[in-house]
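Keep the viewer open as you read.

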Amino acid sequence: MAMRRLVVVSLALCVGAAAGAGAQHVSLGVQGAFGDYREVDSSLVYRGAGIAGAVTLFWHKLGVDVEVTRLSYDPHGGGADSSFKSTQVDMHLRWYIANQVSFETGFTKRTMDPEFAAQSMGAVRIGARGLYSIGTGASLSLRGNYLAGSKFSGGGSAGFGVELGLGISVGRSDGRLRATGDYGFQRVNRKRTGGVVGGDVPIQQSLARLGVSVGL
Amino acid sequence: MRHFGWLLVLAFASPTAAPAQNVQNATLRRALAAYDNLDIGQAILLAKRALTERLSGLEQARAYELLGFAYSASDSLLKGVDAFKQAILIDPDRQLDPAKISPKITSSFLLALSQVLVVRQLQVDSASFVGGKGFVPIRFTVTSPARVRTRAVSGATSVPIDSSVATGQVNLRWQAQLPNGDPVPDGNYLIVVEATAGQNSFSASQTVKVTHGAVDTLPHLTALPGYAPLPEEETPPRNWTPLGRVFLYTGIVGAGTFALESSRLGSAPRRELAAVSVGAILTGFIMSLKKPAPQPARGNILYNRLLREQLVRRNADIAQQNQSLRRQVALKVVPLPKSGGGGGGGGWQ
């Protein structure tokens with residue numbers, strides 16, 4: 001329920017801001033997504049596919065992305081025996097610094113359904129993104145974030161969390177219609193608490209989103 | 001020997017002055033024929049008789065000239081000079097061709113010319129110029145030293161052109177200006193040359209037409225001659241930078257993913273990374289093959305801006321020049337054909 005509220009509020013904020021902003025500064029995207037999720041050890045491997053939506057807004061040096069990805073994960077070999085659905089909300093808030101590089105912050109929140117089929121988690125991201133033009137209407141983005149303040153549905157925290165991203169966008173030079181591809185890799189080392197033995201529990205997700213976006 | 005001299009003189013002087021067909025008076029025609037037949041005595045007699053008859057100005061000049069030729073040929077030098085004087089006074093522009101006339105007759109004619117005061121061969125050239133910035137050339141010859149006054153007369157307006165003591169060829173420049181510096185009003189002007197020496201005086205005139213016109217203004221420039229604007233965008237040469245950049249960033253992310261993967265979780269298939277990387281590499285490859293988009297050429301933009309500023313400055317100068325040109329008057333001076341023969345009255349020196 002809280003997750004839905006977060007998604008709705010984020011989207012409402014972006015669409016509201018988009019309505020007030022200049023037409024060329026807003027784009028909406030829809031994508032097909034597929035991913036690989038691993039937890040604890042090599043026996044818990046899931047693969048899944050689903051859909052994703054994104055709203056992008058930029059105004060002068062400020063940029064905001066909100067992405068919602070819903071995937072159905074199924075066990076892929078090993079000891080995993082139950083499927084689950086994952087809903088991930090990512091918000092990236094950027095401030096352009098110089099030489100195509102922007103400071104980036106935001107959050108990522110992933111919830112699982114059923115709730116304890118895998119670890120739901122949330123974290124704040126802090127990092128940077130570079131966006132480089134590789135030709136007329138084509139751009140390549142590279143981002144790296146530290147995931148701080150991670151929270152997990154099963155408790156515990158993570159001292160180490162990293163996210164890497166690669167994005168490609170190509171289309172009309174006016175940005176009206178573009179094909180987009182986005183890769184995200186998250187790795188978090190969850191530390192269990194409450195006297196449970198076993199130490200760190202690594203969580204790793206690779207996610208690819210391929211689709212189109214329309215500039216407004 | 002004396003007859004041989006006559007023959008020599010007449011041989012040189014054969015076509016006396018002009019064909020006899022133009023002569024209306026029969027006596028004068030007979031006199032010219034007698035001269036042509038070397039009957040000098042008869043020619044003198046008939047010429048004198050013709051002068052007692054009714055003759056036009058030109059015929060009178062012709063009769064006196066024939067007498068001058070005949071007297072000079074018959075060694076009556078003084079009478080010859082006197083006859084030439086009369087001819088010159090009647091028709092001051094009368095001229096002998098030294099190549100066709102014998103030196104004896106020519107010298108008599110020149111002696112007569114030096115003993116009379118006339119203004120000969122008054123000539124005004126056509127001219128077009130901006131008022132105050134040009135002139136009309138005026139030429140004439142004064143046969144003996146005299147005070148020569150030249151002026152332009154039109155109705156009540158009399159504009160002095162020059163006043164000086166002169167003899168021989170005189171060249172004047174008339175700026176067609178009133179004494180206050182304004183251009184003379186348009187209309188017909190009589191250029192009058194008056195020569196005075198003691199009691200003797202002579203005047204000659206030539207009518208000219210002065211017309212006013214607008215001075216041509218300068219056209220505004222659309223481009224500076226010799227300086228063409230440069231293209232403000234230049235297409236950079238095709239290169240493989242996009243593909244190189246894609247490889248670099250894909251490599252960074254791939255290496256990062258590889259380094260960050262947990263060994264405990266087993267080796268990931270990396271199909272997500274591969275899918276996006278293949279798309280990125282394909283895009284980079286296409287972008288490397290595509291003609292790059294034109295880029296603004298900063299140097300050319302600055303050059304064009306300078307050019308435009310120069311053009312604006314030049315056109316401002318032209319506008320200023322045109323403003324002063326519009327206040328000026330273009331004068332066109334054309335001499336009109338003479339209606340009659342020679343100039344005004346004269347006297348012996």
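## Helices H4 and H5 of chain B

In this predicted model, helix H4 (residues 57–73) of chain B and helix H5 (residues 77–90) of chain B have axes that come within 7 Å and cross at roughly 160 degrees. That angle makes H4(B) roughly antiparallel to H5(B). The crossing of H4(B) past H5(B) is left-handed.

To find the contact in your viewer, pick out B:Gly57, B:Gln60, B:Ala61, B:Tyr64, B:Glu65, B:Leu67, B:Gly68, B:Phe69, B:Tyr71 and B:Ser72 on H4(B). Their partners on H5(B) are B:Leu77, B:Lys79, B:Gly80, B:Ala83, B:Phe84, B:Gln86, B:Ala87 and B:Ile90.

## Helices H2 and H3 of chain B

Now look at helix H2 (residues 26–36) of chain B and helix H3 (residues 40–52) of chain B, whose axes come within 8 Å and cross at roughly 165 degrees. H2(B) is therefore roughly antiparallel to H3(B). Their crossing is left-handed.

On the H2(B) side, the residues that meet H3(B) are B:Thr27, B:Leu28, B:Arg30, B:Ala31, B:Ala34 and B:Tyr35. H3(B) contributes B:Ile40, B:Gln42, B:Ala43, B:Leu46, B:Ala47, B:Arg49 and B:Ala50.

## Helix H7 of chain B

Helix H7 (residues 241–260) of chain B has 20 residues and reaches 28 Å from its first C-alpha to its last, close to the 28 Å expected at 1.5 Å a residue. Its buried residues are B:Pro242, B:Leu243, B:Val246, B:Tyr249, B:Thr250, B:Val253, B:Gly254, B:Gly256, B:Thr257 and B:Leu260. These cover an arc of only 165 degrees around the axis, so they sit on the same side of H7(B).

The face of H7(B) turned away from the buried side carries the exposed residues B:Phe258 and B:Ala259.

## Helix H8 of chain B

H8(B) has 19 residues and spans 27 Å from its first C-alpha to its last, close to the 27 Å expected at 1.5 Å a residue. Buried in H8(B) are B:Glu272, B:Leu273, B:Val276, B:Ser277, B:Ala280, B:Thr283, B:Gly284, B:Met287 and B:Ser288. Seen down the axis, they fall within an arc of 135 degrees, so they line one face of H8(B). The face turned away from that buried side carries the exposed residues B:Val278 and B:Leu282.

Terms used
Residues numbered from 1 in each chain as written. Chains lettered and ligands numbered in written order. Predicted model: local features only at pLDDT ≥ 70, side-chain atom pairs only at ≥ 80, totals over all residues. Heavy atoms only, no water. Helix = DSSP H or I, 4+ residues; strand = E, 2+ residues; numbered from the N terminus. Expected span 1.5 Å × (residues − 1). Buried < 20%, exposed > 50% of the residue type's maximum accessible area, 1.4 Å probe, protein only. Arc of directions from axis to C-beta. Axes fitted to C-alpha atoms, helices over the stretch in contact; angles between N-to-C directions. Parallel < 35°, antiparallel > 145°, perpendicular 65-115°, else oblique. Left-handed = near helix turned anticlockwise from the far one by under 90°. Contact = heavy atoms within 4.5 Å.
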